[in-house]
Every structure is written in structure tokens, then in C-alpha cells.
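Visitor: I would like to learn how to read the features of a structure one by one. Can we take a case and go through it together?

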Amino acid sequence: MGRVEAHSSVAKAEVRGTLIRRHMALRFRHGSIQAIAYADGWPRLWGFGLDAAAAGFRQFIAGEEAQGDDLLKLGVTAARGSLVHACNTLVERRVPDAHFCALQLLVDQVRVSCAGNCRVYIHRGNRPERITTRDVAAGGLLNSETRHYEHNIEPGDLILAGSESAF
């Protein structure tokens, strides 16, 4: 695989004059695996939900079993399990959710697994192409099914991933 150059930009959301973390970007294996997430639910629980989902994904990717074609599928499943476990410790009626998207860059292909409303585009030449579906998911990790995509890539392709509000 050639060199992977990655850049993440995360802006805090302003809620009643206070800046709160609603988005996160994660990077693993020298940039060949990326994940983004954004929180849903009450703002006071955004960080709680993001941290729980990220912890599950991070723990799976760091484990010895994290290999093969199902790497992202299982990683997103681990993120979901970690978020469910964390939400079960709360007494809230409305628990936090997280929209989660993981990408894996291979030699000539990008693999994407998303739960919730995330967008991924490939920009080649002067033409952007959306990889993810335009269908709006009903929820994030807690209430939507994970969708999986594969797309061929070429040297020089630019891959953009983010929340709906990022685009």
C-alpha cells in the first residue's frame, strides 16, 4: 500500500453558549483504519456515548482477532456492544446514541461500515462520488442496522467522511 495521508478536523457544537464535544475522529494502524462518530441525544450525554462507542471499537481493533475481511463489521459491532453496555448503567429514559462510520484503506479498495447517518465520498479528478446510501437511517448504533460498502480506489483519490452536518 502506498502512503496514506489523513487529516481530521473536529469542531465542537455550541449549546446555550457552551462548546460541547459532539463529534470525534479516530485513527488506527498508521492511518489505514479511520473512524468517525457523532453523538445523538441529550447534549450532556454526548461525550459519554462517544467515549463508550470509541472504547469498544478501539479495544476490538487492538485485539489479536482483529484481522480479515470482517474487520470493520466486527469493529462496529464491538462499538455497538460497548455503547449498549454503557447505556445500561444509566437511569436516563433517553439514552445517548452515536452515529458511527469506520473506513479501512487497502491497496486498491476502501471498505466502509456505517451505523447511522454518516457520509463517505470519493473525489477522483474533478468528480465526487458518494459511496454511502442517501437513505436516512432511523438512529445510530443503537437503532439502525450497519451498512457495508466497498469501492475501488486509485492513487490520488481523496476520501471524505463525516456527519451529515459536516457536508
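Guide: Start with a term. A residue is buried when its relative accessible area is under 20%, and exposed when that value is over 50%; anything in between is partly exposed. Keep in mind that this is a predicted model.

Visitor: Let me apply that. Is Phe100 buried or exposed?

Guide: Phe100 has 0% relative accessibility, so Phe100 counts as buried. Phe57 is also at 0% and therefore buried.

Visitor: How do I read a nonpolar core?

Guide: The general idea comes first. In soluble globular proteins, nonpolar side chains tend to be buried together. Here the largest nonpolar core has 28 residues. Ile33, Phe57, Ile61, Phe100, Ala102 and Leu141 touch the most other members.

Visitor: Now the aromatic rings. What describes a pair?

Guide: A pair of aromatic rings is described by the distance of the centres and the angle of the planes. The count for this model comes to 2 aromatic pairs. In one of them, the ring centres of Phe57 and Phe100 are 5.2 Å apart. Their planes meet at 55°, so the pair is tilted.

Visitor: Which charged residue lies over the face of Trp42?

Guide: That is Arg94, at 4.9 Å from the ring centre.

Visitor: Next, salt bridges. What is the idea?

Guide: Side chains of opposite charge can pair when their charged atoms come close. The cut-off is 4 Å between a side-chain nitrogen of Lys or Arg and a carboxyl oxygen of Asp or Glu. Searching the whole structure finds 9 salt bridges.

Visitor: What is the closest N and O distance between Asp40 and Arg22?

Guide: It is 3.9 Å, and the two form a salt bridge. Asp40 belongs to strand β4, while Arg22 is in the loop between β2 (18–20) and β3. The two residues are 18 apart in the chain. Asp40 is partly exposed at 28% relative accessibility. Arg22 is partly exposed too, at 24%.

Visitor: Which parts does the salt bridge of Glu92 with Arg44 tie together?

Guide: Its closest N and O atoms are 3.1 Å apart. Glu92 lies in the loop between α2 and β5, and Arg44 in the loop between β4 and α1, so the pair ties together parts 48 residues apart in sequence. Glu92 is partly exposed, at 27%. Arg44 has a relative accessible area of 59%, so Arg44 is exposed.

Visitor: Which residues are linked with Arg124 in a network of salt bridges?

Guide: Glu154 and Asp157. Take the bridge of Glu154 with Arg124, whose closest N and O atoms are 3.7 Å apart. Glu154 is in the loop between β9 (147–152) and β10, whereas Arg124 is in strand β7 (residues 118–124), so the pair joins parts 30 residues apart in sequence. Glu154 is partly exposed at 47%, and Arg124 is partly exposed at 30%.

Visitor: Back to nonpolar side chains. Which ones form a patch on the surface?

Guide: Leu158, Leu160 and Phe167 do, with about 260 Å² of accessible area together. Phe167 lies in the segment after β10 (158–163). Its relative accessible area is 42%, so Phe167 is partly exposed.

Visitor: Last, the backbone. What is phi of Arg16 near?

Guide: Phi of Arg16 is near 50°, a positive value in a residue other than glycine. Arg16 sits in the loop between β1 (13–15) and β2. At 86% relative accessibility, Arg16 is exposed. Arg29 also has a positive phi, near 50°. Its place is the loop between β3 and β4, and Arg29 is partly exposed at 32%.

Conventions:
Residues are numbered from 1 along each chain as its sequence is written. This is a predicted model: local features need pLDDT of at least 70, side-chain atom pairs count only at pLDDT 80 or more; totals for chains, interfaces and linings use all residues. Side-chain values use heavy atoms; hydrogens and water are left out. A nonpolar core is a set of buried Ala, Val, Leu, Ile, Met, Phe, Trp, Tyr and Cys residues joined through side-chain atoms within 4.5 Å. Buried means under 20% relative accessible area, exposed over 50%, partly exposed in between (1.4 Å probe, protein chains only). Patches are made of residues with over 30% relative accessible area and no salt bridge: like charges are joined within 9 Å, nonpolar side chains (Val, Leu, Ile, Met, Phe, Trp, Tyr) within 5 Å. Accessible areas come from the Shrake-Rupley method with a 1.4 Å probe; for residues, only the protein chains shown count as cover. Helices (H or I, at least four residues) and strands (E, at least two) are DSSP runs, numbered from the N terminus. Rings of Phe, Tyr and Trp (its six-membered ring) pair if their centres lie within 6.5 Å; planes under 30 degrees apart count as stacked, over 60 as edge-to-face and the rest as tilted. A charge sits over a ring if NZ of Lys or CZ of Arg is within 6 Å of the ring centre and within 35 degrees of the ring normal.
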